[in-house]
Amino acid sequence: MRTLVFIPAWNEEASIAAVVADVREHLPQADILVVDDGSADATTARARECGVLVATLPFNQGLGAALQTGYLYALREGYDCCAHLDADGQHPPAEVARLLAEVEADRADLVIGSRYRDPDAVAASDDYRPTLSRRIGSGVFRFFLTLATRQRFTDTTSGMRAANRRVMSLFSENYSPDFAEIESLQLAVREGLRVEEVPVRMLERAGGSSFLTPLRSAFFIFKGVVVLLVGQFRPRQAEVER
Amino acid sequence: MRALVLAAAGDETTVRLTSQTRIVAAILAVAFMLLILELIRRDRLQERYSVIWFVAGLGMLAGAAFPGLLKLVADLLGVRDTNVALFSIVLLLLLGLALNFSVIMSRQAAQITRLAQERALEGVKSKSGEEALETKEERL
C-alpha cells in the first residue's frame, strides 16, 4: 500500500519544516509532497531542505488548485491512497493517520477529519475555538450541504482528508478552484462515492491569521450557497473509474 | 382621437434619422471595421475573436445605410420609438458579448491552472531525478 501525504502551503516558511517533521514521525511509511502555491517567501526552499518532494506552482492560484495538484500527482504516480493536511500546524498528523486507516481498510472512499463530530470533545477541548463568524458560516454550510447530499456533515471546510484512487481520479479532473472544500464533498456524494467523517482534534493555528472579516465572511457564505445550488444541477460524470 | 393622431405624427418625426446622423454613423462604422482589420494585421487581435466585431460593424453600416431596416426591427419588437429599439438592441448585443468573453475567460483560466499544475509536477520529477543522480554519484 503506497501512501502520499501532501501539504498545500502558501507563505508558510515559518511552519512548514515543523509540519513535515511531524508528518514523518507519525506517518513514516508515507511519501510527502509539499505543494507550494506560488509563495512569495522561502516555502519551497524550506521544504526542499527537509528532503521531501516539492511541487511549486509558478503563481498563486488558491487552495483548490494546490490540492488538485496533489491529487493529480498521487493519481499519476500510482499511489493507492493519499491524504492532505494544512501547512499551518492546525492538523495533528496522528489524526491524519486515523483517517488513512479508514481508507486503507476500504470503509470509505473519502474521509474528512471533523472538528465538530464529537460534541463532548468540542465542549471539553481548549485546543480549538472557532470565532463567531466562523461558527455562523459553518452552520450555514453544514445545513445546505446536508440538504444537498442528504448526508450529515459537521465540518464542511475541513482541510484534513484522506482518499483512495476513485477520489483521486474524480478530483484531478473536477475540483472547483474557489470552493474546493464544500463543492468537492457535494461532488463526491453525487458521484456515488462513500464519504465519511471521523472526529479529530485540531489545534490553534501556529502562525498567520484568518483572512475573514465579517463582511468577507458574509460574502464567502453567500458565494458558497450559490455554488452549492448550482452544483445540484451539474451533470453527473459519465463514469468514475471503479 | 386627436391626441392619437398627434402622437402618430410625433412618432413619424422621432423615427426618421437625419441624413447628417446617417453619414456620421456610416463613417464611424467604416472606421470601426478598418480598425478591426488593422488590429488583425498587426497580430493584436486573433481572427477567431474578430468575426463578432466585424459583424457588429456591418450591422452599424447597414443601420446607417437603410434606416428603414431599423424601423422594421422596431416594429417587430413592438417598440414605437426607433431610438429605444436601437438602444435596446445595442445593449443586448453588448451584454451577449460580455457574457461571451466571460465564458472564454473561464475556459482560459482553467487552462492556465492546468498548465501551472503540469509545470509544478514536472518540477517534482526533474528535482527528484537530480537528487537520485546525486546520491548515486555519492555512492560511486
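In which loop of chain B is the place of Phe66(B)? Phe66(B) sits in the loop that links α3 to α4 (67-77) of chain B. This is a predicted model. Chain B has 5 helices and 0 strands. Chain A contains an open sheet of 7 strands. The two chains touch, with 14 residues from chain A and 10 residues from chain B in the contact.

**Chain B: helices and loops**

- Along the sequence, chain B reads α-α-α-α-α.
- Of the 140 residues in chain B, 8% are buried.
- Take the contacts in chain B between residues at least 6 apart in sequence: 54% of them join residues at least 24 apart.
- Is Phe66(B) buried or exposed? Phe66(B) counts as exposed because 12 other C-beta atoms lie within 10 Å, and the cut-off for exposed is 12 or fewer.
- Phe66(B) and Ala110(B) are separated by 44 residues in sequence. In space, their C-alpha atoms are 44 Å apart.
- Asp43(B) belongs to another loop of chain B, the one between α2 (19-41) and α3 (47-65).
- The phi of Asp43(B) is positive, near 65 degrees, and the residue is not a glycine.
- Asp43(B) is exposed, since it has 7 other C-beta atoms within 10 Å.

**Chain A: the sheet**

- The strand order in the sheet is β3-β2-β1-β4-β6-β5-β7 (chain A), and the pairing is mixed.
- β3 and β7 of chain A are the edge strands, each pairing on one side only.
- From one strand to the next, the twist averages 20 degrees.
- α1(A) packs on the sheet and touches β1 and β2 (31-36) of chain A. The direction of α1(A) makes about 160 degrees with that of β2(A).
- Strands of a sheet pair through backbone hydrogen bonds, and the pairing can be parallel or antiparallel.

**Chain A: strand β5**

- How many residues of β5(A) are buried? The count is 5 of the 5 residues, so β5(A) is largely enclosed by the rest of the structure.
- In a regular strand, side chains alternate between the two faces of the sheet.
- Both faces of β5(A) are covered. Leu110(A), Ile112(A) and Ser114(A) are buried on one side. Val111(A) and Gly113(A) are buried on the other.
- β5(A) and β6(A) run antiparallel and are joined by 3 bridges. Here Ile112(A) stands opposite Arg161(A) in β6(A).
- β5(A) pairs with β7(A) in the parallel sense, over 5 bridges. Here Ser114(A) stands opposite Pro199(A) in β7(A).

**Chain A: helix α4**

- Helix α4 of chain A has 12 residues, 93-104. At 1.5 Å a residue it should span 16 Å, and its end C-alpha atoms are 16 Å apart, so the two values agree.
- Which residues of α4(A) are buried? They are Pro93(A), Val96(A), Leu99(A), Leu100(A) and Val103(A).
- An α-helix has 3.6 residues a turn, so residues three or four places apart point the same way.
- The buried residues of α4(A) pack against several strands of chain A, among them β1, β4 (81-84) and β5 (110-114). They also pack against the helix α1 of chain A.
- Just after α4(A) comes Asp106(A), with a positive phi of about 60 degrees.

**Chain A: a loop residue**

- Asn11(A) lies in the loop between β1 (3-9) and α1 (16-26) of chain A.
- Asn11(A) is not a glycine, yet its phi is positive, at about 50 degrees.
- Asn11(A) counts as partly exposed because it has 18 C-beta neighbours inside 10 Å. A buried residue needs 20 or more.

**Where the chains meet**

- The contact takes 14 residues from chain A and 10 residues from chain B.
- On the side of chain A that touches chain B, β3 (53-56) and α3 (63-76) of chain A each supply at least two residues.
- The largest share of that side, 5 residues, comes from α3(A).
- What classes of residue make up the side of chain A that touches chain B? It has 10 nonpolar, 4 polar and no charged residues.

Terms used. Residues numbered from 1 in each chain as written. Chains lettered and ligands numbered in written order. Predicted model: local features only at pLDDT ≥ 70, side-chain atom pairs only at ≥ 80, totals over all residues. Contact = placed C-beta atoms within 7 Å. Helix = DSSP H or I, 4+ residues; strand = E, 2+ residues; numbered from the N terminus. Nonpolar A, V, L, I, M, F, W, Y, C, P; charged D, E, K, R; others polar. Expected span 1.5 Å × (residues − 1). Pairing = 2+ DSSP bridges. Axes fitted to C-alpha atoms, helices over the stretch in contact; angles between N-to-C directions.
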